[in-house]
Amino acid sequence: IVISCVGEVSEVQNTDVEIILKGQKFTTKAALPEEEKISNASLMIFDSNGLLEKDLYLGEGQSSCVMNLLRGQKYSIYACINFGYPVKVSRIEDLDEITFFMTYPDEYKEGLPMTASAHDIQIKGEDVIELELERLMAKIDIRMDRSRLSDGVRMDVTGVRIGNCPKKVT
């Protein structure tokens with residue numbers, strides 16, 4: 001038996017892709033918490049069907065990594081920053097169910113929770129993909145009348161203002 005094939009066989013090739021978490025300049029009057037600090041990040045890469053292809057947990061001081069992906073394929077990339085734990089999901093839809101809780105002041109020194117994403121990125125070669133960070137919580141100012149503050153005197157909150165809050169967080 002002789003079996004032959006006429007035509008070209010396409011070869012799937014891998015390529016290295018650099019992913020960079022790019023801080024955005026948030027406006028704030030307070031020096032603390034450090035709003036651009038990255039203490040940890042869970043990077044997740046999903047294939048065109050929304051299934052997890054690769055994931056990686058970055059620690060303190062890491063804001064970029066190199067991953068090996070298939071050239072010509074489309075991917076969606078997500079990052080959960082400063083959640084304090086590795087985010088583990090198998091499908092892109094599972095990201096909607098991720099929640100986090102912060103306590104003041106302990107967890108603020110680890111940085112504010114942020115997210116970043118890029119959708120339908122087609123890998124061409126040795127690409128560099130920058131993911132712009134988006135803050136996941138609002139800054140809240142509370143003004144109090146402290147003119148009579150002494151032992152036994154309680155504070156009365158005179159106003160609460162929420163600003164610079166992403167629409168998806170409101």
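## Exercises around strand β5

In β5, S76 is the bridge partner of F46. Keep that pair in view as you work through this predicted model.

**Exercise 1.** Find which strands pair with β5, and in which sense.

*Solution.* Start from F46 and its partner S76 in β5. Strand β2 (residues 41-46) pairs with β5 in the antiparallel sense, over six bridges. Now turn to strand β6 (residues 114-122): β5 and β6 also form an antiparallel pairing, with seven bridges. To place this second pairing, look for I81, which stands opposite M114 in β6.

**Exercise 2.** Decide whether strand β5 is largely enclosed, and explain why.

*Solution.* Take residues 74-81 and apply the cut-off for buried, under 20% relative accessible area. Seven of the eight residues pass, so the rest of the structure largely encloses β5.

**Exercise 3.** Work out which element gives the most residues to the largest nonpolar core.

*Solution.* Begin with the core itself: it has 22 residues, and I19, L21, L43, I81 and L131 have the most contacts inside it. Next, list the elements that supply two or more residues: β1 (14-22), β2, β4 (64-70), β5, β6 and β7 (128-132). Of these, β5 gives the most, with four residues.

Notes: Residues numbered from 1 in each chain as written. Predicted model: local features only at pLDDT ≥ 70, side-chain atom pairs only at ≥ 80, totals over all residues. Heavy atoms only, no water. Buried < 20%, exposed > 50% of the residue type's maximum accessible area, 1.4 Å probe, protein only. Pairing = 2+ DSSP bridges. Core = buried A, V, L, I, M, F, W, Y, C linked by side-chain atoms within 4.5 Å.
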